[in-house]
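The sequence and the model are shown first, and the points after them are grouped by topic.

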Amino acid sequence: MTGTYLGMPAFPEAAAVSTKNTRLRANLRHATHTIRAKRAAAVAELADWERLRAAGAAIKDRTLRHLDHYLERLESTVTAAGGQVHWAADAEDANRIVTELVRATGEREVVKVKSMATQEIGLNDALAEAGIRAYETDLAELIVQLGDDLPSHILVPAIHRNRTEIRDIFTHRMARWGRPAPEGLTDAPADLAEAARLHLREKFLNAKVGISGANFMVAETGTLVVVESEGNGRMCLTLPETLISVVGIEKVVPTWRDLEVFLQLLPRSSTAERMNPYTSTWTGTTDGDGPRVFHLVLLDNGRTDTLADTVGRQALRCIRCSACLNVCPVYERAGGHAYGSAYPGPIGAILTPQLRGTQSELDASLPYASSLCGACYEVCPVAIDIPEILVHLRERVVEGGPASVRGTRAVIKPAKGHAAERAAMRAARWALDHPGVLRAGQRLASRTRRFHPRRLPGPGRAWTDTRDLPAVPAEPFRDWWQRTHGDGNRSEGKSTT
Amino acid sequence: MSSRDLVLARVRRALADVPRTERPSDAPVDRDYLRAHGDRTTEQTVDLLAENLADYRAIVHRTDAAGLPALIARLLAGRGATSVVVPPGLPAEWLSATDPEEVARIPDTPELTPHDLDAVSSVVTGCAVAVAETGTVVLDAGPDQGRRRITLVPDHHICVIKVPEQVVDSVPQALERLAPERPLTWISGPSATSDIELDRVEGVHGPRTLEVVLVEG
Ligand code: SF4
């Protein structure tokens with residue numbers, strides 16, 4: 001699969017470099033700490049948060065257990081609404097399909113709204129090879145593109161840049177891609193936003209082809225949903241004549257009604273808002289309003305391998321809110337680039353080794369990029385037990401065993417004595433030897449965790465032999481779930497507003 | 001094998017642990033979350049909407065049907081607007097106090113290009129529904145709202161909400177009222193970004209000024 005950041009060292013080496021970069025750490029610390037408190041406040045407004053979270057998890061589980069059914073349904077509803085559905089088994093397949101679709105329009109430029117799926121498959125590079133220029137229009141993606149950089153956060157790919165660095169990138173690079181930055185640009189966020197507005201306006205107004213992802217696809221109605229803030233999404237979804245959406249197969253939800261859960265969970269978890277500024281939904285094409293041609297490319301690229309693992313499957317519930325990154329002590333110190341894929345942080349540590357397998361040194365080291373503190377699980381709006389998957393993947397790395405590889409059952413060789421094991425050991429040592437990571441981890445864990453092995457499997461074992469793992473929490477999500485849902489004796493939530 | 005068949009075959013193989021007899025509806029989904037948060041009178045719900053809209057930097061005005069035309073005229077004049085996009089089904093009286101000599105009416109027609117729209121000062125629309133708990137207005141491209149692009153390209157959007165009939169408490173209640181086959185735009189405050197140091201800044205690509213008029217009766 002493509003989308004690997006080529007030449008990336010395994011997690012511990014990359015993390016060691018970023019922990020030394022004090023500016024990067026300061027930027028990350030500032031941004032993640034700001035959002036943590038806000039997220040907590042936004043979540044506290046909803047008395048039924050835990051029930052919404054349980055419903056979100058249950059809807060996703062239902063979908064995943066019957067994914068073939070919902071995908072076929074989605075295909076028929078999108079087609080009936082005037083869209084064209086394409087299927088892509090892997091990144092190469094998807095890139096080829098999209099390139100051909102763009103070529104068929106005769107256009108050489110496309111505008112793009114931020115999409116993790118296209119980042120994952122390396123679409124921009126594939127288009128560039130075919131002589132097609134893709135303009136990123138999300139502010140943070142623009143910063144990354146202009147800076148010839150890599151994204152380091154799911155929601156805010158340029159989180160590693162502070163306002164002064166952004167000002168410098170705009171001032172020096174905008175002219176190469178189109179309209180230059182205004183004279184004397186300051187580093188006030190409002191001025192930077194204005195500079196982006198001016199730079200991208202012509203591109204939007206002239207765009208003939210838009211490329212997007214989607215946050216949700218509704219099987220019942222054929223509706224796609226994009227959740228955003230800036231309006232660049234709306235520009236890409238409504239002004240071009242042709243719209244191509246590349247979406248992972250796990251993004252389907254069964255019914256229109258299911259959106260009532262996710263449109264409450266997502267904004268509060270990601271930007272800590274009651275609602276994000278703009279959400280667009282569209283069903284096929286609409287006469288006279290928006291694109292005349294709509295293509296949906298359904299992407300597998302390792303998702304079915306993830307689905308085949310009954311422990312790891314829950315990673316496919318992910319709605320890419322990035323809450324787990326923002327609370328992660330390892331992410332805060334290591335930075336997003338150390339994870340070597342489009343998916344940094346805790347979700348990256350469990351998703352990348354499942355999508356790509358654990359054969360490379362980098363991917364084998366990812367499950368060790370954690371202190372297992374459990375903060376990620378507590379904030380995850382779809383209750384993915386990230387530590388459980390981390391431990392499971394550590395076992396797979398060290399002991400090997402059966403796994404699905406590109407849709408075929410295979411037996412993974414144990415990494416013992418291999419470079420992969422050494423990388424994994426170094427990652428474990430890195431995460432565990434950082435006092436700051438551990439302190440933060442323990443503080444959070446003492447509040448929260450139930451899933452809690454007394455001894456870590458694999459390389460972590462030696463470490464747990466000499467240290468106690470943090471204490472078991474009072475009432476974690478699963479217990480709460482059992483207590484309130486297990487016996488039909490449900491507690492009523494109180495209202496806050 | 002086509003990619004379609006390949007992907008679907010992989011999915012089925014991956015789900016070998018799911019009993020063949022299990023139907024999608026057998027997988028339990030409890031919907032015991034709340035339909036709305038809190039107990040409010042209709043009036044309080046409208047107040048909450050106004051409060052949450054303002055919290056995300058929408059400028060909120062309140063008036064009655066008789067006062068609406070003058071208010072809209074005042075808002076357009078206050079912006080120094082020289083032109084306004086008009087959706088095909090916008091009630092004529094809404095703009096009856098606005099002098100067409102001063103503020104040119106631009107009807108929303110398919111001939112209107114994005115560049116044309118970029119040269120227009122303002123847009124006035126109604127809405128489909130508004131959500132009090134989140135401070136959201138939802139447009140469904142109905143006759144008094146027009147095509148999605150007319151509320152996107154101009155820099156100033158005046159959106160009229162009929163209260164209380166167009167106001168609901170919550171996201172679940174809003175979805176019940178909306179038709180999935182229509183293209184929807186959910187708007188919560190003016191365009192904004194959290195991309196610089198994860199802090200919200202208003203004003204990127206969508207209208208930088210969102211004025212919401214709550215009109216009674
Ligand atoms: S794993 Fe959970 S918390 Fe992390 S991005 Fe996905 S949904 Fe959000």
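Leaving aside residues up to four places away in sequence, Arg148(B) touches residues of both chains: Arg234(A), Leu237(A), Thr238(A), Thr281(A), Trp282(A), Asp289(A), Gly290(A) and Pro291(A), together with Pro183(B) and Thr185(B). Touching, or contact, means heavy atoms within 4.5 Å. This is a predicted model, in which local features need pLDDT of at least 70 and side-chain atom pairs count only at pLDDT 80 or more, while totals for chains, interfaces and linings use all residues; side-chain values use heavy atoms, with hydrogens and water left out. Residues are numbered from 1 along each chain as its sequence is written, and chains are lettered from A and ligands numbered from 1 in the order in which they are written.

**Arg148(B) in its loop**

- Arg148(B) sits in the loop between strand S6 (136-139) and strand S7 (156-163) of chain B; helices (H or I, at least four residues) and strands (E, at least two) are DSSP runs, numbered from the N terminus.
- Arg148(B) counts as buried because its relative accessible area is 8%; the classes are buried under 20%, exposed over 50% and partly exposed in between (1.4 Å probe, protein chains only).

**Where chain B meets chain A**

- On the chain B side 80 residues are in contact with 107 residues of chain A.
- The two chains bury about 8,400 Å² between them, with 54% of it on carbon and sulfur atoms; buried area is the accessible area (1.4 Å probe) that two parts lose on being put together, summed over both.
- In chain B, the residues that lose the most area to chain A are Glu197(B), Leu198(B) and His205(B), together 10% of what that side buries.
- There are 14 salt bridges between chain B and chain A, each a side-chain nitrogen of Lys or Arg within 4 Å of a carboxyl oxygen of Asp or Glu.
- Asp155(B) forms a salt bridge with Arg197(A), and their closest N and O atoms are 3.0 Å apart.

**Strand pairing between the chains**

- Strand S9 (residues 278-283) of chain A and S9(B) pair in the antiparallel sense over four bridges; two strands pair if DSSP finds at least two bridges between them.
- Within this topic, Thr279(A) has Trp186(B) of S9(B) as its bridge partner.

**Strand S12 of chain B**

- S12(B), residues 209-216, is mostly covered, as seven of its eight residues are buried.
- Strand S1 (residues 59-64) of chain B runs parallel to S12(B) and is joined to S12(B) by six bridges, and Ile59(B) stands opposite Glu211(B).
- S7(B) also pairs with S12(B) in the parallel sense, over eight bridges, and Ile161(B) stands opposite Leu214(B).

**Chain A**

- Chain A has 23 helices and twelve strands.
- Of the 497 residues in chain A, 66% are buried.
- Among contacts in chain A with a separation of 6 or more, 76% are between residues 24 or more positions apart.
- Ser76(A) lies in helix H4 (residues 67-80) of chain A and counts as partly exposed because its relative accessibility is 41%.
- Ser76(A) and Ala219(A) are 143 residues apart in sequence and 8.6 Å apart in space, C-alpha to C-alpha.
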